[in-house]
Amino acid sequence: MATVKEAAEAFALFADGFNKVVKDTIVENKDMLEELIKEQLYSGVNGNDKPLRPTYLNDPYFKSEEAGHWQNKAKSYMMWKKKIKPPKPSFLLDLPARDEKTPNLIIKGDFYDSITAIPISDGVRISTQGTPFGDDVERKYGSAILKIGTVSRKHFIEYFLEPALKSYFSKFGL
């Protein structure tokens, strides 16, 4: 029979290992986390599970001279985007097709390509790298565009974290 001290030491070892498994699983699957965020955005939702706003029709950009050819043509732009990247359900997640008025943040793919999971001490930090307008997009749509939403989190837990934890628990006979 183990002493209280031995039991406490065993539990501390288990708890430390548990945290390491979670962190390592996140870091080892950072590419999947990037893909999950892209799928959310393509479906028109941010990491708070809310639709991306402003919509094409409410975006002040289309009223500005900066919009160039698209100035005062938000509806035309929306229809053009619908034609080149039609809304469709996520191939990876249980997310519906975005509403046609909701932006998908894809023009050439530069923004999506810039979404990067960077390993840090307690997991990963999601940011944009390699595109000069990533910060502008994040300011416009909010930092929640780079968060992991409920559906993405559920997918990651089910397909990545649960198997890793199951393997870890089996080492302790659990």
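Student: What do the residues lining the second largest pocket divide into?
Tutor: They split into 7 nonpolar, 1 polar and 2 charged. Here Ala, Val, Leu, Ile, Met, Phe, Trp, Tyr, Cys and Pro count as nonpolar, Asp, Glu, Lys and Arg as charged, and the others, Gly among them, as polar. Keep in mind that this is a predicted model, where local features need pLDDT of at least 70 and side-chain atom pairs count only at pLDDT 80 or more, while totals for chains, interfaces and linings use all residues. Residues are numbered from 1 along each chain as its sequence is written, and side-chain values use heavy atoms, with hydrogens and water left out.

Student: OK, which element gives the most to that lining?
Tutor: That's H6, with 4 residues. Helix H6 (150-170) and strand S2 (123-128) each supply at least two; both are DSSP runs (helices are H or I, at least four residues; strands are E, at least two), numbered from the N terminus.

Student: And what's the volume of the largest pocket?
Tutor: About 580 Å³. A pocket is an open set of points on a 1 Å grid over the protein atoms alone, where a 1.4 Å probe fits, with protein on both sides within 12 Å along at least five of seven lines; lining residues have an atom within 4 Å of a point. The volume is the space filled by probe spheres set on the points, which are joined across faces, edges and corners.

Student: How are the rings of Phe-62 and Tyr-77 placed?
Tutor: Their centres are 4.9 Å apart and the planes are at 45 degrees, so the pair is tilted. Rings of Phe, Tyr and Trp (its six-membered ring) pair if their centres lie within 6.5 Å; planes under 30 degrees apart count as stacked, over 60 as edge-to-face and the rest as tilted. Phe-62 lies in the loop between helix H2 (30-42) and H3, 15 residues from Tyr-77.
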